[in-house]
Amino acid sequence: MQPIHDVDALLLLSLALSSKRRPAELIEIIAAADLLHDPVPSELRLIDAFARLATHGLISAQEGRFALTAEAQKILTGQSKKADTAQRIQSIKDKLAAYEASAEHPTIELTPKEVCSAILAHREAAKSTLKNLLVAKPKPAETASQRPGQRQRKPLPAARRKS
């Protein structure tokens, strides 16, 4: 597959994240891309990436929803769980370089207006107080004095304390 861009690998990774149980809408893909790589790529880059990946048979579209094909899922398998996003994107780019499409597939035609409205809707949803499931969970603040699995001792009663 030629040419290979970072946005192609990011789109595959965000589509895998957003379409685990059902095909994902465009706004869900944008939210996953924002979670993985801040800032979200521009509208034109996303449109080109959708077209490239669809022509090579890696993305399928059904009624305004998008899903990975079996070939794309093969590319995404074997990712290291400890790898960060940059390492995962590089791994996907390496696998995309070795991928050869078997036949021409129909392309996905997105307009800049559709992608721009999805990005703006995601930004508005991020500002609202509603719960977003694609937002990273905040880590709890730990105190340095406590170790996991240990309880604190009860203080001695006032009568038994020695000065």
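Helix H1 (residues 6-18) supplies three residues, the largest share, to the lining of the second largest pocket. The model is a predicted one, in which local features need pLDDT of at least 70 and side-chain atom pairs count only at pLDDT 80 or more, whereas totals for chains, interfaces and linings use all residues. Residues are numbered from 1 along each chain as its sequence is written, and side-chain values use heavy atoms, with hydrogens and water left out.

The lining of the second largest pocket consists of Leu 13, Ala 16, Leu 17, Lys 20, Leu 36, Leu 76, Gln 79 and Arg 88. A pocket is here an open set of points on a 1 Å grid over the protein atoms alone, where a 1.4 Å probe fits, with protein on both sides within 12 Å along at least five of seven lines; lining residues have an atom within 4 Å of a point. The space in this pocket amounts to about 190 Å³, the volume being that filled by probe spheres set on the points, which are joined across faces, edges and corners. By type, the lining comprises five nonpolar, one polar and two charged residues. In this division Ala, Val, Leu, Ile, Met, Phe, Trp, Tyr, Cys and Pro count as nonpolar, Asp, Glu, Lys and Arg as charged, and the others, Gly among them, as polar.

The protein contains six helices and two strands, arranged from the N terminus on in the order α-α-α-β-β-α-α-α. Helices (H or I, at least four residues) and strands (E, at least two) are DSSP runs, numbered from the N terminus. Of the 163 residues in the protein, 33% are buried; buried means under 20% relative accessible area, exposed over 50%, and partly exposed in between, with a 1.4 Å probe and protein chains only. Among contacts between residues at least 6 apart in sequence, 71% join residues at least 24 apart, a contact being heavy atoms within 4.5 Å.

The two strands, S1 (residues 59-62) and S2 (residues 65-68), pair in the antiparallel sense over four bridges; pairing requires that DSSP find at least two bridges between two strands. Within this arrangement, Ile 59 stands opposite Leu 68, and Ala 61 stands opposite Phe 66. S1 and S2 form a hairpin with two residues between them. Glu 63 is located in the loop between S1 and S2 and has a positive phi of about 55° although it is not a glycine. Most residues other than glycine have a negative phi. Glu 63 counts as exposed because its relative accessible area is 84%.

Phe 66, in strand S2, counts as buried because its relative accessibility is 4%.

Beyond its neighbours within four places in sequence, Ile 89 is in contact with Asp 6, Ala 9, Leu 10 and Leu 13. Leu 13 is also one of the residues that line the second largest pocket. Between Ile 89 and Leu 12, which are 77 residues apart in sequence, the C-alpha to C-alpha distance is 9.1 Å.
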